Amino acid sequence: MLMPSPFIEELRADMRLRGYSLKTEKSYLSWIRQFIYFHKKRHPNDMGAEEVKAFLSWLANERHVAVNTQKVALNALVYLYHKALNQELGDLNFSLATKQRSLPVVLSPEEVQRILNELTGRNKLIIELLYGSGLRVSEALRLRVQDINFCNAAVTVRDGKGKKDRQTLLSQRLIEPLKQAIETALTVQIEDNKNELGPSMPNALDRKYPNAFKQPGWMFVFPATSICKHPYSGILCRHHLHDSVVRKALQPAVRAAKIFKKVNCHTFRHSFATHLLQAGCDIRTVQELLGHNDVSTTQIYTHVIGQHYAGTASPLDRLISVARE
């Protein structure tokens, strides 16, 4: 087994001190390792702007990575030099490739129903939450029992993208299935508690409230099927279901439903927003439900609506109408 690099472990500790998410930590450390290996394992202290520019140019010109991938690599190296090593890179004189604006893939209500008809049980419930509440798949899987408000038909998303909490809709159709899912999850928690185990806790709450893992409110609605070690504390616990489980269930359902669009979990969030706007919902309300910082991000869905947006019709349709008169 390879010994962990002391330098990488220092960076890991620094990112955790700064409150970076686990996903960001893994991504940044991966890019920093690639940067070091690209330059024949030279230490970043012995490199600078020229080496960063050479690496980014290689990614763009040789690897042909996507624009967003270039941005993540750049952000990782900016963190490395500006924050961890406290070194200014100066002007890199490097321009990221221009990202072409692409419209999100959106399903029709009929297509959504066809896919749901091919799903069952827990996986169907999760996809229904993505479409019915506009959730990201990670947000749906992180839901805890206390985040579901049946009385007000609302779902609270904790620590969402941008470290924000928000509330969104809960479909009346999902109340009974969710109650059953919660009952199943709490049964798992009771069995775990017998072995002094429970759900993974956020932000070191397991130290502040040592018995919080026994409280029903902290249990994940969709718990993982096995016990694991907490990535930060190393304590044995039960995390939420991994998103790969949902993705693997979705693709066969899309094929069986004979949907020939590029569909993934996020497609149902796009469809949620588009269908609300088509139904006449105010764009500011949709922005709030999705948790977008800027309404311009939400406005992309108005481009998907087509003829239903602001009553606009194709001039060809008008031409045909005139001809018939």
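Colleague: Let me start at Glu128, which lies in helix H6. Is Glu128 buried or exposed?

Modeller: Happy to start there, and please keep in mind that this is a predicted model. To call a residue buried, its relative accessible area has to be under 20%. Glu128 has a relative accessible area of 13%, so Glu128 is buried.

Colleague: Which residues is Glu128 in contact with, leaving aside neighbours within four places in sequence?

Modeller: The partners of Glu128 are Leu116, Ser133, Arg173 and Leu174.

Colleague: And what about Asp91, buried or exposed?

Modeller: The cut-off for exposed is over 50%. Asp91 has a relative accessibility of 70%, so Asp91 counts as exposed. Asp91 sits in the loop between H4 and H5. Its C-alpha atom is 7.9 Å from that of Ala49, although the two residues are 42 apart along the chain.

Colleague: Let's move on to a helix. Which residues of H5 are buried?

Modeller: H5 covers residues 109-117, and Glu111, Val112, Ile115 and Leu116 are buried there. The next step is to look down the helix axis. The buried residues of H5 fall within an arc of 140°, so they line one face of the helix.

Colleague: What covers those buried residues of H5?

Modeller: The cover includes helix H6 (121-133), helix H10 (243-256) and helix H11 (265-278).

Colleague: Now for helix packing. At what angle do H2 and H4 pack?

Modeller: The angle between H2 (residues 22-38) and H4 (residues 67-84) is about 85°, and their axes are 9 Å apart. Angles of 65 to 115 degrees count as roughly perpendicular, and that is how H2 stands to H4.

Colleague: Which residues meet where H2 packs on H4?

Modeller: From H2 come Ser27, Tyr28, Trp31, Ile32 and Phe35. They meet Thr69, Val72, Ala73, Asn75, Ala76, Leu77, Tyr79, Leu80 and Tyr81 in H4. Sorted by class, this contact holds eleven nonpolar residues, three polar ones and no charged ones.

Colleague: On to the sheet. In what order do the strands of the open sheet run?

Modeller: The order of the three strands is S1-S2-S3, with antiparallel pairing. S1 (148-149) and S3 (164-169) each have a single partner strand, so one side of each is left without a neighbour in the sheet.

Colleague: How many bridges join S2 and S3?

Modeller: S2 (residues 154-160) pairs with S3 over five bridges, in the antiparallel sense. Val155 stands opposite Thr168 in S3, and Thr156 has Gln167 in S3 as its bridge partner. As a general idea, side chains in a regular strand alternate between the two faces of the sheet.

Colleague: What lies in the turn between S2 and S3?

Modeller: The two strands form a hairpin with three residues between them. Gly162, in that turn, has a positive phi of about 80°.

Colleague: To step back, how many helices and strands does the protein have?

Modeller: There are 15 helices and five strands. Of the 325 residues, 42% are buried. Among contacts with a separation of 6 or more, 61% come from residues 24 or more positions apart. Along the principal axes, the C-alpha atoms fill a box of roughly 80 × 60 × 35 Å.

Notes: Residues numbered from 1 in each chain as written. Heavy atoms only, no water. Pairing = 2+ DSSP bridges. Helix = DSSP H or I, 4+ residues; strand = E, 2+ residues; numbered from the N terminus. Buried < 20%, exposed > 50% of the residue type's maximum accessible area, 1.4 Å probe, protein only. Arc of directions from axis to C-beta. Contact = heavy atoms within 4.5 Å. Axes fitted to C-alpha atoms, helices over the stretch in contact; angles between N-to-C directions. Parallel < 35°, antiparallel > 145°, perpendicular 65-115°, else oblique. Nonpolar A, V, L, I, M, F, W, Y, C, P; charged D, E, K, R; others polar.
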